[in-house]
Amino acid sequence: MTFTKAQDVINYLYSLPKLHEKADLSYIKKVLTFLDNPQDKVKTIHVTGTNGKGSTSYYLSSLLQKAGQKTGLFVSPYVFEFNERIQLNGQNISDADLVKTANAIESALTKIRKTSNNFSLVTFEYEVVMAFFYFARKKCDYAVIEVGIGGEHDKTNVITPEVSIITTIGLDHEQIIGPTLQDIAREKSGIIKRNRPVVLGNISKEVLPIIQQKAQKEHATIKLLGKDFKISLQENLTYQDQNKKISFLPRPLVEGYDVGIAISAVSLLGVKLSAAEIKEAINQTKIPGRYQIVQNNPLVILDGAHNIQAMQNLLNFAHFEQKKKQGKVKVLIMMMKDKDIEQVFKLFKPEDEVYITTIDYPRAAKEKDFPTWIQEKYQYQADWETSFRSLEQKSQTNDILLVTGSFYLVGNILQMETKNASSRS
């Protein structure tokens, strides 16, 4: 097969199977071998964690670019367009490069099928291979690689990174990598490689020994948040380690942890960055769909929080802001059927105004997918656009409106706001 349009590539990717019979890395390794192992031609930083891995990856990319490094970035999910998944120096892969990269992979698959005629990649494997091939072809100095799910069995785990990162460990995807926190910690510690340092974020004492044990076994030195580097939030956000202390524009403390992890990881690479350059790189980083403020009066925050830990962090921030503003917290939420819906809804305070919506997507929860008590307690409106507009209009200037539960909903709202802004200009 030969592609001529980017949309054909994207449609094809989503038509591929989601899982193999075996949940190992043999399929992706086979294709990478046929492509002359592009993943080994670029220095990488590998990022996992239940929450914060996307933000950390963006901060890392900004810092490396500021240090003059040609930087690749592989992240998921996307908010605006598929091309966001694969970036070079902060720019999405072009449609032309997407087509060229996919055709190179198709060529390798054609060769493999001469001896294994039913061979195919699953969607995420194909995306990972595309990223590695593109970064190698563009001769990146570094590529920041965010895992899909987990760590040890994730399709990105075919690299020996310069630094491994584990941002947080909480409950999400328990049915795949759980069911317990300990299971999740073991799976995520699978990205720790021999003699390569690991940076750890806000890891609970409950599972920290599991990761320390793995690091010890691999002779991997650890840098730990709260011990080797510290983050504090007063008027500004402050990072401190034994060599430096830098203040940044204020942001939620959990985002601050991601900033700290990124700075700590980059300091292990030996790239030159002054305190002023670090400050500038972090302050200028924009992360789509993560604590993204799109309006101030009322305060409208878009955040793709879709698990218990992320939602708790978002609500802590919203209620902290609420005390200052003396307004109401209003929430427009849409969730996927396979998420911990009941546990997430138990996090809302009785005085929070919560409205449920959905989008046109097979995994998106519709009204019947919510437990009865949620259906009885909260209003459901199937049309997300009408629901958002109505909430926006009803909100007072001192209210806080959160749009959350899924990056798909956040992406839809962002696209709508962008279209509206361009039609007004």
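Q: What makes β9, β10 and β11 a sheet, and in which order do the strands lie?
A: This is a predicted model, and its 3 strands form an open sheet in the order β9-β10-β11 with antiparallel pairing. Two strands count as paired if there are at least two bridges between them. β9 and β10 are joined by 4 bridges, and β10 (residues 237-240) also pairs with β11 over 4 bridges, so both pairs meet the rule of at least two. In general, strands of a sheet pair through backbone hydrogen bonds.

Q: Why are β9 and β11 called edge strands?
A: β9 (230-233) and β11 (245-248) each have a single partner strand, so one side of each is left without a neighbour in the sheet. From one strand to the next, the twist averages 20 degrees.

Q: Which residues stand opposite each other in this sheet?
A: Q240 faces K245 in β11. I231 has Y239 in β10 as its bridge partner.

Q: Why is strand β6 described as largely enclosed?
A: A residue is buried if its relative accessible area is under 20%. In β6 (residues 163-168), 6 of the 6 residues are buried, so the strand is largely enclosed by the rest of the structure.

Q: Which strands are joined to β6?
A: Strand β1 (residues 43-48) runs parallel to β6 and is joined to it by 4 bridges. Strand β7 (residues 198-202) is also parallel to β6, again with 4 bridges. On the β7 side, I165 stands opposite V199.

Q: Why does F82 count as buried?
A: Its relative accessibility is 4%. The cut-off for buried is under 20%, so F82 counts as buried. F82 is in the loop between β2 (71-74) and β3 (86-88). Its C-alpha atom is separated by 9.2 Å from that of I93, 11 residues apart along the chain.

Q: Why is the pair of Y134 and F135 called tilted?
A: The ring centres are 6.0 Å apart, and the planes make an angle of 50 degrees. Rings pair if their centres lie within 6.5 Å; planes under 30 degrees apart are stacked and those over 60 are edge-to-face, the rest being tilted. The distance is within the limit and the angle falls in the remaining range, so the pair is tilted. Y134 and F135 are both buried. The count for the structure comes to 14 aromatic pairs. F345, F348, F370 and Y378 form one aromatic cluster.

Q: What lines the largest cavity, and what classes of residue are these?
A: The lining consists of I356, E367, F370, Q375, Y378 and Y380. By class these are 4 nonpolar, 1 polar and 1 charged. The volume of the largest cavity is about 30 Å³, and the structure holds 1 cavity of 30 Å³ or more.

Q: What makes up the lining of the second largest pocket?
A: The lining has 46 residues, and Y59, R251, T285, R290 and Y291 lie nearest the centre of the pocket. α11 gives the most, with 7 residues. Elements that each supply at least two residues include α3 (53-66), α9 (253-267) and α10 (275-284). By class, the lining has 19 nonpolar, 16 polar and 11 charged residues. The pocket has a volume of about 1300 Å³.

How values were computed. Residues are numbered from 1 along each chain as its sequence is written. This is a predicted model: local features need pLDDT of at least 70, side-chain atom pairs count only at pLDDT 80 or more; totals for chains, interfaces and linings use all residues. Side-chain values use heavy atoms; hydrogens and water are left out. Axes are lines fitted to C-alpha atoms, for helices over the stretch in contact, and angles run from 0 to 180 degrees between N-to-C directions. On a 1 Å grid over the protein atoms alone, a cavity is a set of points where a 1.4 Å probe fits but cannot get out, and a pocket is an open set with protein on both sides within 12 Å along at least five of seven lines; lining residues have an atom within 4 Å of a point. Grid points are joined across faces, edges and corners, and a volume is the space filled by probe spheres set on the points. Ala, Val, Leu, Ile, Met, Phe, Trp, Tyr, Cys and Pro count as nonpolar, Asp, Glu, Lys and Arg as charged, and the others, Gly among them, as polar. Buried means under 20% relative accessible area, exposed over 50%, partly exposed in between (1.4 Å probe, protein chains only).
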